[in-house]
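User: I am new to this structure and would like to learn how to read it. Could you walk me through it, feature by feature?

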Amino acid sequence: MPSWQDFQPFIVTGLALGGVFSLSGVGMVVLYRATGVLNLAFGAVGAMGAFIAWSLINDQGWPQGIAYLACVLFGGVVTLAYGMAFGPPLAGRDPLVKAVATLGLALILLGAMSWIWSDKARSMVLPTTEHGFNVGEVLVNYTQVIGLALGIAVTVFTAAFLRFSKLGTAMRALADDREITAALGVPVRRVEAAAWLGSGLLSGAAGLLFSNLVGLDAATLTFLVISSVAAALIARLRSLFVTLAAGMFIGLVNALATPILSISQYRDMAPFVIATIALLFLSRHGTLSTAKGAR
Amino acid sequence: MITITDLTVRFGGVTPLDGVTVTFESGTCGLIGPNGAGKTTFFNVLSGFVTPASGSIEAFGEDLLAKTHFRRARWGLRRTFQTEQAIEELTVANNVGMVLDHAHDSGGGSRNEEIVRAMDFVGLDVAPEAKVQTLGARQRRLVEVARAIVGQPKVVLLDEPAAGLPDEETAHLGRVIQSIPQHTGALVILVDHDMSLVSACCETTSVLDFGRLIASGPTAHVLRDPDVMRAYLGTEEVDVGDEQGEVVR
Amino acid sequence: MGAVDTQTTPVTPAGRRIARGLQRPEQVHLAIVVALILFVLVALPQILSVYWVTVCTAVAYISVVALGLNLLMGRVGLVSLGQIAVLAMGAWIASKLSFSTSLPFPLVLLATGLLTMVLGTLVGLPALRLSGLYLALITLMLAGAITVALRTMQFPNGGPGFLGNDPDSSEAVRRPSIAISDPAFFRYTVVVCVIMFALALWHVRGKAGHAWAAIRQSEPAALAAGVNITVYKLWAFALASFMTGVAGGLLAADVGRLYAISFPTSNSIVLLAVVLMGGIYSLWGAIVAGVFYSLLPALLNDWGLPADLLTILFGVGVIQVLLTAPGGLAQQFPRDMRRLGGRIASLFKRPAGGTST
């Protein structure tokens with residue numbers, strides 16, 4: 001068993017990773033609550049944004065800041081476009097159908113990424129990664145700080161937004177009942193558009209941070225973020241703060257397994273396994289199962 | 001005979017059934033009440049789709065609540081649904097015969113004889129091989145009723161079987177419902193808003209209002225009960241839509 | 001099993017009877033299928049080069065994987081997003097059995113199917129309490145986990161220990177002794193696949209299929225008919241896992257040397273896409289799916305086009321199917337053909353009779 005010393009750097013990694021898991025989870029929960037769509041293309045959108053940023057910097061010689069902005073905007077625009085095009089026709093369908101349709105988007109993006117950027121391995125290093133400070137003996141870089149801080153900030157901000165702003169209240173109402181909300185004069189399409197855009201921007205940001213923290217690889221980023229669905233699921237797709245905590249937990253377990261040699265190779269299973277166990281545990285209590293006929 | 005004692009159901013803050021104690025003796029019994037009175041919830045409890053907060057149900061000497069939903073069906077508790085639920089992609093014969101397959105209830109004769117007998121009994125004049133999706137609303141209803149009475153049912157719950165049917169069809173269905181007890185020996189409980197159907201079919205009728213039993217007894221007597229009339233007149237104009245605990249599928 | 005055949009002749013009060021045996025259209029159908037199978041078995045390996053024969057072998061066993069998903073989605077209404085991981089599991093088990101035992105190949109296949117079935121059922125058992133979306137997500141999570149595990153374990157290739165992987169070994173998984181050559185193995189695969197399709201058809205036509213139809217349309221109605229829905233859902237999972245496991249065994253013997261990298265999680269999504277596009281309400285859809293999954297990439301490769309185009313196309317296909325054509329190609333194509341036939345017929349009729357509208 002490695003000593004406490006060995007674990008310290010991985011706590012930092014884990015918290016940073018956890019922050020981005022939470023960020024993604026929150027992005028997905030907000031969209032799910034407002035539109036009933038679990039966007040399984042969340043990670044693919046972010047990954048493609050990160051690839052575009054990489055190309056803008058390395059091939060086109062754009063300034064880094066603008067390239068990163070482009071990544072975040074790409075996330076927002078693609079997600080919004082998908083939501084506007086396919087949200088309404090699928091609105092009345094089962095949540096499962098809506099989620100499967102987003103897999104279509106994920107495939108389109110995966111295919112495009114593999115086509116355009118498959119020639120060689122790339123890595124994304126944000127400038128903030130090169131600067132850091134020491135906490136005790138552990139070097140902490142600013143990307144890690146951003147990951148954690150953004151995760152917390154987005155959670156707090158989103159929670160406040162949903163609670164106190166007019167648009168946020170409309171989103172919460174939509175989550176309860178679409179028809180009644182529409183009948184009350186809430187512009188449903190506009191509110192949904194806002195949710196798609198907001199969630200999309202978060203996917204861009206998450207893609208950028210993950211590409212730095214984990215690596216710039218289309219498939220990894222796509223499916224890693226799906227495991228932050230796990231965080232969202234543990235929150236039963238409702239509570240944002242539980243999503244935050246679950247995201248942190250997944251990030252920490254993933255990172256802390258690294259120094260333990262016997263399981264370190266399997267550590268990437270952590271998000272999936274935690275999500276599975278959490279889902280099964282929740283199902284024991286009947287909260288997720290179909291109410292037996294009656295509701 | 002079914003004896004229900006102190007049956008209470010709670011969904012969150014709502015109490016769709018509140019301490020209902022009632023006995024259904026034999027033959028065809030009516031169960032009526034305004035929208036939202038708890039009739040469908042009552043059926044869902046009997047079928048095992050809803051677990052009551054308290055109370056007991058004894059049917060023909062068996063503790064019904066001790067059985068899970070599908071075992072109740074195999075035991076002989078059959079039902080139809082408010083929104084008709086015949087399985088579209090199966091044939092009429094397979095719809096009607098499904099209970100026999102799963103209940104291992106061979107009835108009196110062979111499986112196919114039982115199916116045809118049930119179809120004839122309800123007056124279903126279509127080929128057994130016809131797919132249900134090709135049938136009209138009336139025939140689908142009859143498929144569902146045939147599925148509920150095939151083999152050896154002990155209790156048959158009919159949830160607004162005549163909803164949406166024209167008058168002459170309702171009259172036919174009424175004759176069918178009336179003769180189920182004699183034909184199969186089962187106890188029938190009929191929920192319907194059509195009072196003429198209920199009075200025609202049921203010797204006894206029970207009335208629910210806001211989850212409570214407000215009257216029970218011979219149908220003619222119950223329908224003249226001032227409490228019952230008040231319950232109906234008080235709410236008839238205010239149609240609250242779907243009932244609590246309705247199976248919406 | 002099922003509605004049409006019981007031992008006694010039904011004597012009915014109204015003189016009606018429930019027909020027995022195959023109806024005329026079904027006989028025609030059966031004849032066409034038999035002719036098709038004979039053509040594939042006898043003529044295809046003669047016509048095609050060895051390369052295309054191996055491609056067709058893949059089409060055959062992938063259509064069995066697709067069949068499993070087709071049954072789950074089309075018949076029962078369950079979505080699994082991890083079938084390629086199950087396929088990988090099957091291939092792993094088959095490799096293990098091939099190197100560690102001297103069982104004859106058919107028994108390897110059978111044992112692989114059964115072991116995969118047990119594992120798939122173990123996964124399915126707790127997950128069945130979950131509703132559709134959550135169940136689908138669990139399968140995706142588990143697929144992710146299996147992919148990670150396989151990447152570390154790699155496939156048995158005659159190495160030492162339980163995992164049996166030796167990076168330096170290049171031993172291939174055994175093929176059946178009667179089917180060593182590629183054309184022979186193709187025929188062998190087709191026969192096994194036909195058996196799998198027959199197994200599926202037998203289930204769909206029988207008591208299980210009727211129960212699944214009831215569950216898919218309305219769980220309350222199924223329960224009210226005495227169907228134990230948990231058992232039948234689990235049964236569907238078990239059947240799909242069994243078939244996918246057998247397909248994994250065929251794949252292992254076909255490819256010989258297996259690498260975890262050939263089973264990325266994204267392929268489970270691609271499989272879902274092609275199964276949806278093929279059509280989930282007809283077993284033919286599974287064959288269409290197999291063609292999409294295995295033949296199209298080879299064709300594109302042959303034409304010098306990037307296979308990634310297909311991934312994009314499949315993505316578009318998923319959305320299109322969900323929006324407009326839930327029946328997929330297996331239903332759409334015959335309908336279009338009939339419509340086209342009708343048009344052509346009316347063209348010929350018009351000058352003569354002038355009655356067509």
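**Reading the model step by step**

Analyst: Let's start with one pair of helices: B:Val92, B:Ala93, B:Val96, B:Gly97 and B:Leu100 of α3(B) meet B:Arg111, B:Glu114, B:Ile115, B:Ala118 and B:Met119 of α4(B). By class, the residues of this contact are seven nonpolar, one polar and two charged. Please keep in mind that this is a predicted model.

User: How are α3(B) and α4(B) placed, roughly parallel or roughly perpendicular to each other?

Analyst: First the general idea: a pair of packed helices is described by the angle between the axes and the distance between them. Here, helix α3 (residues 92-103) of chain B and helix α4 (residues 111-122) of chain B have axes 9 Å apart, at an angle of about 115 degrees. Angles of 65 to 115 degrees count as roughly perpendicular, so α3(B) and α4(B) are roughly perpendicular to each other. Their crossing is right-handed.

User: Let me try another pair. At what angle do α2(A) and α3(A) cross?

Analyst: The axes of helix α2 (residues 42-58) of chain A and α3(A) cross at roughly 150 degrees and come within 8 Å. An angle over 145 degrees counts as roughly antiparallel, and therefore α2(A) and α3(A) are roughly antiparallel to each other. The crossing of α2(A) and α3(A) is right-handed.

User: Which residues of α2(A) and α3(A) meet?

Analyst: On the α2(A) side, they include A:Val45, A:Gly46, A:Gly49, A:Ala53 and A:Leu56. Among their partners in α3(A) are A:Gln64, A:Ala67, A:Cys71, A:Phe74 and A:Val78. The residues of this contact divide into 14 nonpolar, five polar and no charged.

User: Now a wider view, please. How many helices and strands are there in chain A?

Analyst: Chain A has 12 helices and two strands. Along the sequence, the elements of chain A follow the pattern α-α-α-α-β-β-α-α-α-α-α-α-α-α. Of its 295 residues, 53% count as buried. To see how the chain folds back on itself, look at contacts with a separation of 6 or more: in chain A, 75% of them join residues 24 or more positions apart.

User: And how many helices and strands are there in chain C?

Analyst: Chain C has 13 helices and zero strands. Buried residues make up 50% of its 357 residues. Of the contacts in chain C with a separation of 6 or more, 73% are between residues 24 or more positions apart.

User: How do I read the place where two chains touch?

Analyst: Ask how many residues each chain gives, which elements they come from and what classes they belong to. In this model, 44 residues of chain A are in contact with 40 residues of chain C. On the chain A side, α3 (64-90), α4 (95-116), α9 (218-234) and α12 (270-284) each supply at least two residues. The most come from α4(A), with 17 residues. By class, the side of chain A that touches chain C has 32 nonpolar, 10 polar and two charged residues.

User: What does chain C give to its contact with chain B?

Analyst: That contact takes 24 residues from chain C and 36 residues from chain B. On the chain C side, the elements that give two or more residues are α7 (207-217) and α8 (219-224). The largest share, five residues, comes from α7(C). This side of chain C divides into 14 nonpolar, eight polar and two charged residues.

User: Which residues have the most contacts inside the largest nonpolar core?

Analyst: In soluble globular proteins, nonpolar side chains tend to be buried together. In this model, the largest nonpolar core has 284 residues, and those with the most contacts inside it are B:Ala146, C:Ala66, C:Val274 and C:Val318. Helix α2 (residues 50-76) of chain C gives the most to this core, with 17 residues. Leaving aside neighbours within four places in sequence, C:Val274 is in contact with C:Ala66, C:Ala289, C:Phe292, C:Tyr293 and C:Phe314.

Methods: Residues numbered from 1 in each chain as written. Chains lettered and ligands numbered in written order. Predicted model: local features only at pLDDT ≥ 70, side-chain atom pairs only at ≥ 80, totals over all residues. Contact = placed C-beta atoms within 7 Å. Helix = DSSP H or I, 4+ residues; strand = E, 2+ residues; numbered from the N terminus. Nonpolar A, V, L, I, M, F, W, Y, C, P; charged D, E, K, R; others polar. Buried ≥ 20, exposed ≤ 12 C-beta atoms within 10 Å, placed from the backbone. Core = buried A, V, L, I, M, F, W, Y, C linked by C-beta atoms within 7 Å. Axes fitted to C-alpha atoms, helices over the stretch in contact; angles between N-to-C directions. Parallel < 35°, antiparallel > 145°, perpendicular 65-115°, else oblique. Left-handed = near helix turned anticlockwise from the far one by under 90°.
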